Amino acid sequence: MSTSDAATGMQLAQMGRFIDALPYLDNANRQEPADIPILHAVTSLLLWAGRPTDAAERYRVAATLLPDDVGVLTGWARLLLLLGDSAEATDLLDRALTLEPQIADPGGLLSMLWDPDDADSACAVLRQLVERHPANANLTSQYAQALKTAEYLEDAQTAFECYRLQRPDDPLACIELGRLAASRGDSSRALEHFRAALSIDPNHPRAFAEIAQAERGPLDPQTFARVQQLTLSAQEPEDATILNDVLARHYERVGDFRAAAEHAARMNALQEQMTASQQRYNMQQHALEIDVAIEIQTRQFLDRLRDAGSRDQRPVFVIGIPRSGTTLVERMLASHPRIIGVGEQSFARLGMQRALAASGGMLQSLTAPAVRAASEWHLGMLEDRVRRLAIERNGERIVDKLPDNYLLAGWLHMAFPNAAIIHCVRDPRDVALSCWLTQFSRIQWCFRLEHIAHRIEQHRRMMRHWRATIGDAITEVRYERLVAEPETEMRRMLSATGLDWHPDVLAFADRKGFVGSASRHQVRESLHARSVERWRGYEEALAPILPRLHAIAARDALEADAHSAP
């Protein structure tokens, strides 16, 4: 009976018929609670069905039968973390590490437990595990990475230095310490760390890549020849990806745009190859998400909860498609003595999820108390991030910058009706090129030109909806105008935040502070227009999507004219 149920349930699950599969796998698991494949399958479906407590119970039963099975222990711990029981989850992971220390290895079971948008929870658990297993170097490394993601910067520095002592033959610590230094604006110290990595491993692709970014110029002839050789002989797709990125940057800096485009194309093809099929960009799915957002978040819907959020004026939200100038705008704003910048945060999405969870899970059923509680949580997280980044001044405004928050502009206005929302717009051709040339590991739509064009089209569609519903709350800033007339545009932005003009916003390149985005090197430079119409050097490479991008640019111009008309 169990064998038949298991086979049927597995087959239905593979077909995507999860509702039909669950009863069969449920019965099979009850008959054979120690069958590991069935256990993992049924708990996954129970999670999908919104029954995490039931899923955790299945692991508890299995653990009584298989107390030394590391897969069961870590699976149970994952469920407990989802349920908020970090204490028992930590004890289970402690036992699993004692049984099999290798679960802390890169790509091991332990690294698969953490929500990438909730590094704080990972830090809390990993801190205790490191205390219990101080000799596990890979555990120390994983803890250091979590601290860096959560922006516990001093603790991350200490943890990476500890890892370097534990593994002096691994260049990883040098690379990460260099990245921390680069993000703080200490390029000389960063280069010392990157070169130390090369002294450990003269062929380390990431070290070459970081040095090339930090030096901001073409490779010297010896390094260029070495990188070319390594690229041709690279066995690992990740190494080849990094090295092609280095060569693409080099060729652009010497003006050979065709060669730069060839290496960028290889880099993106490799990145897509390394991405699981279910994680790749789905144009139809994203368009449907925009359809649903537009259909539900009408002016009437937003007006219904307009008084529910926090009245606090401190948050300033900077939004826009990636590579549109959001980091530049945040850096300029945060150079004002009364404004603090905290970089890219996921608090908007997490706050909205909290409000949805407290309202039955449906956007249409959002309640005023849930919106208010989520906005207060979001505000508290911003305050915590200010403390965590060791910012030593009080700010009347806190810049919360995350490009993709343009998808959540309606929610942001609902949660903080008095907050300024600054939308960055840039020539779609330059945006497309910059996205394609940048090695983004977590932005899957950047791997293909057709996906980039689609994403920009959907971005414009989403923003037209927000302009029609909450337009008075949004201040649009064009990148090209900002670099041409910085004082005029900064005065507009400061006016939107309710603050007076201050000349320090034009001296942003001299400002210290942590920058964790892909623009961490560029924003240390003074304002320039070198990136305006950069796309013209790549017309041949962009040819498959240029007609679509030209159409977007033309419509942008028409809408800008209409918006500025008296």
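**Strands, helices and loops**

Author: Start with strand 4, which is covered on both faces. Ala420, Ile422 and Cys424 lie on one side, Ile421, His423 and Val425 on the other, and all are buried. Keep in mind that this is a predicted model.

Reader: How many residues of strand 4 are buried?

Author: Six of the six. So strand 4 is largely enclosed by the rest of the structure.

Reader: What sheet is this, and what is the strand order?

Author: An open sheet of five strands, in the order 2-3-1-4-5. The pairing is parallel.

Reader: Which strands are at the edges?

Author: Strand 2, residues 339-341, and strand 5, residues 474-478. Each of these pairs on one side only.

Reader: How much are neighbouring strands turned against each other?

Author: By 25 degrees on average, with direction ignored.

Reader: OK, go through the pairs. How many bridges join strand 4 to strand 5?

Author: Five, and the two strands run parallel. Within that pair, Ile422 stands opposite Thr475 in strand 5.

Reader: And strand 1 with strand 4, how many bridges there?

Author: Four, again in the parallel sense. Val316 is the residue opposite Ala420 in strand 4.

Reader: What about strand 1 and strand 3?

Author: Strand 1 covers residues 315-319 and strand 3 covers 397-401. Four bridges join them, and they run parallel. Phe317 stands opposite Asp400. Val318 has Lys401 as its bridge partner.

Reader: That leaves strand 2 with strand 3. How many bridges?

Author: Three, paired in the parallel sense. Ile340 sits opposite Ile398 of strand 3.

Reader: Switching to helix against helix. At what angle do helix 14 and helix 15 cross?

Author: Roughly 160 degrees, with the axes coming within 8 Å. Helix 14 spans residues 237-253 and helix 15 spans 257-273. At that angle helix 14 is roughly antiparallel to helix 15. Helix 14 passes helix 15 in a left-handed crossing.

Reader: Which residues meet there?

Author: From helix 14, the list includes Pro237, Ala240, Leu247, Ala248 and Tyr251. From helix 15, it includes Phe257, Ala260, His263, Met267 and Leu270. By class, the contact has eleven nonpolar, five polar and three charged residues.

Reader: And helix 12 with helix 14, what angle?

Author: Roughly 25 degrees. Helix 12 is residues 205-215, and its axis comes within 9 Å of that of helix 14. So helix 12 is roughly parallel to helix 14. The crossing is left-handed.

Reader: Who touches whom in that pair?

Author: Pro205, Arg206, Phe208, Ala209, Ala212 and Gln213 in helix 12 meet Asp239, Ile242, Leu243, Val246, Arg249 and Arg253 in helix 14. Those residues divide into seven nonpolar, one polar and four charged.

Reader: Why does Glu151 count as buried?

Author: Because its relative accessibility is 9%, and the cut-off for buried is under 20%.

Reader: And what is the phi of Arg323?

Author: Near 70 degrees, a positive value in a residue other than glycine. Arg323 is found in the loop between strand 1 and helix 18, residues 326-333.

Reader: Buried or exposed, that Arg323?

Author: Buried, because its relative accessibility is 16%.

Methods: Residues are numbered from 1 along each chain as its sequence is written. This is a predicted model: local features need pLDDT of at least 70, side-chain atom pairs count only at pLDDT 80 or more; totals for chains, interfaces and linings use all residues. Side-chain values use heavy atoms; hydrogens and water are left out. Axes are lines fitted to C-alpha atoms, for helices over the stretch in contact, and angles run from 0 to 180 degrees between N-to-C directions. Angles under 35 degrees count as roughly parallel, over 145 as roughly antiparallel, 65 to 115 as roughly perpendicular and the rest as oblique. A crossing is left-handed if the near helix is turned anticlockwise from the far one by less than a right angle, and right-handed if clockwise. Contact means heavy atoms within 4.5 Å. Ala, Val, Leu, Ile, Met, Phe, Trp, Tyr, Cys and Pro count as nonpolar, Asp, Glu, Lys and Arg as charged, and the others, Gly among them, as polar. Two strands pair if DSSP finds at least two bridges between them. Buried means under 20% relative accessible area, exposed over 50%, partly exposed in between (1.4 Å probe, protein chains only).
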